[in-house]
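Me: I would like to go through this structure and ask what stands behind each label. Please set the values against the cut-offs as we go.

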Amino acid sequence: MRKAQKFLCRADKRAFPPAALHRAPCTADMFVDSHCHLDFPEFADRIDEILAAMAANHVSHALCVAVNLENWPGVISLAETHDNLFASVGIHPDHDATAPLTEDDLLQRAQHPKVVAIGETGLDYFRVAGDTEWQRERFRTHIRTARAVCKPLIIHTRAAAADTLRVMREEGADRAGGVMHCFTETLEVARAALDLSFYISFSGIVTFKNAHDLKYVAREVPLERMLIETDSPYLAPVPHRGKTNQPAYVAHVAAEIARLKDVPVQQVAQITTRNFFELFRAAGG
Ligand SMILES: [Zn+2]
Ligand SMILES: [Zn+2]
């Protein structure tokens, strides 16, 4: 039953790829930033400059990830205005415990042709103290919506890996698929996520000199299941560490992955870009 449902979901996706992704280029050595926040105030009035820097650094596309519903109009408007920007819809686990959320709130917005994912969602026990049941409930709502609309999940997890995996399993997150974004967990957690058909996305953290454990994880995760991201404006990679991050800098993440795996950076570009379009094209329309 479980497998049959998954297959049906995938078959539907193949039959109706989202219009937004039809124009995906076959360019071999382009990078894609799978996770950024271009609607944040750091980028106000700078979008043209940000897009020009992307082009100059061979970054063809970026996915603008929503963190709450209040600011979602700004996220979707970026995706509507620029062919090479996509959007997601969701509420970040750090955002307001009292923010109401129903599956319908997400479903309606998820129908938009440029919405290619549900999130970011997940669990973050690092920043939120006390009772975290509301986080788990909201996470479940996101997973149910992702399954209902056949779009992949963007999952954020911090100091909550065991519960994140437990909720993913309980809610059948593997039927929607998705990505563990800005991954900083152990190889064991990465393997558990890979077993649930998820991709693992590395950010600028992997370029930090003291990130020994994460470099080890990046060596072990197969390139075929890997995405790269900036999470800009945060976490600028070396050599821009400490500055405002931007999608153009995702090339530095790719360069570090290439170094760790001892492969040409072009190979990292090709495979992670192909992964991006496979995962999010598979989102269905
Ligand atoms: Zn996040
Ligand atoms: Zn983020």
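This is a predicted model: local features need pLDDT of at least 70, side-chain atom pairs count only at pLDDT 80 or more; totals for chains, interfaces and linings use all residues.

Me: What makes helix 9 largely enclosed by the rest of the structure?

Reply: The count of buried residues does. Buried means under 20% relative accessible area, and 9 of the 12 residues of helix 9 are buried, so the helix is largely enclosed. The buried ones are Val250, Ala251, Val253, Ala254, Glu256, Ile257, Ala258, Leu260 and Lys261.

Me: What do the buried residues of helix 9 pack against?

Reply: They pack against strand 1, strand 2 (59-64), strand 7 (198-202), helix 8 (212-220), strand 8 and helix 10. Just after helix 9, Asp262 takes a positive phi of about 55°.

Me: Which residues touch the most other members of the largest nonpolar core?

Reply: Phe202 and Ile257 do, in a core of 75 residues. Helix 9 (residues 250-261) gives the most to this core, with 7 residues. A second, separate core has 14 residues, including Val116, Ile154, Val179 and Tyr199. As a general point, nonpolar side chains tend to be buried together in soluble globular proteins.

Me: Why is Phe202 called buried?

Reply: The cut-off is under 20% relative accessible area. Phe202 has 0%, so it is buried. Phe202 lies in strand 7.

Me: Which residues does Phe202 touch, leaving out those up to four places away in sequence?

Reply: Among them are Phe183, Leu214, Val217, Ala218, Met226, Ile228, Val253 and Ile257. Val217 is 15 residues from Phe202 in sequence, and their C-alpha atoms are 9.8 Å apart in space.

Me: Why is the pair of Phe40 and Tyr234 called edge-to-face?

Reply: Two tests apply: ring centres within 6.5 Å, and planes over 60 degrees apart for edge-to-face. The centres of Phe40 and Tyr234 are 6.0 Å apart and the planes stand at 70°, so the pair is edge-to-face. A search of the whole structure finds 6 aromatic pairs.

Me: What does the pair of Phe40 and Tyr234 tie together?

Reply: Phe40 is in the loop between strand 1 (31-36) and helix 2 (47-56), and Tyr234 is in the loop between strand 8 (226-228) and helix 9, so the pair ties together parts 194 residues apart in sequence.

Me: Are Phe40 and Tyr234 buried, exposed or partly exposed?

Reply: Buried is under 20%, exposed is over 50%, and partly exposed is in between. Phe40 has a relative accessible area of 13%, so it is buried. Tyr234 has 44% and therefore counts as partly exposed.

Me: What makes the pair of Phe276 and Phe280 tilted?

Reply: Planes under 30 degrees apart count as stacked and over 60 as edge-to-face, with the rest tilted. Phe276 and Phe280 have 55° between their planes and are 4.8 Å centre to centre, hence tilted. Both lie in helix 10 (residues 265-281), 4 residues apart, about one turn of the helix.

Me: How do you know that the charged end of Arg225 sits over the ring of Tyr199?

Reply: The distance part of the test is CZ of Arg within 6 Å of the ring centre. The charged end of Arg225 is 5.8 Å from the centre of the Tyr199 ring. Arg241 lies over the face of Phe208, at 3.6 Å from the ring centre.

Me: How do you know which residues coordinate the zinc ion (ligand 1)?

Reply: Donors are N, O and S atoms within 2.8 Å of the metal. Glu120 (OE), His156 (ND1) and His181 (NE2) coordinate this ion at 2.0 to 2.2 Å, so they count as donors. Glu120 also coordinates the zinc ion (ligand 2), and the two ions are 3.5 Å apart.

Me: Where do Glu120 and His156 lie?

Reply: Glu120 is in strand 4 (residues 115-124) and His156 in strand 5 (residues 153-158), so the pair ties together parts 36 residues apart in sequence. At 2% relative accessibility Glu120 counts as buried, and His156 is buried at 13%.

How values were computed: Residues are numbered from 1 along each chain as its sequence is written. Chains are lettered from A and ligands numbered from 1 in the order in which they are written. Side-chain values use heavy atoms; hydrogens and water are left out. A nonpolar core is a set of buried Ala, Val, Leu, Ile, Met, Phe, Trp, Tyr and Cys residues joined through side-chain atoms within 4.5 Å. Buried means under 20% relative accessible area, exposed over 50%, partly exposed in between (1.4 Å probe, protein chains only). Helices (H or I, at least four residues) and strands (E, at least two) are DSSP runs, numbered from the N terminus. Contact means heavy atoms within 4.5 Å. A charge sits over a ring if NZ of Lys or CZ of Arg is within 6 Å of the ring centre and within 35 degrees of the ring normal. Donors are N, O and S atoms within 2.8 Å of the metal (3.2 Å for Na, K and Ca); water is not among the atoms, so sites may look incomplete.
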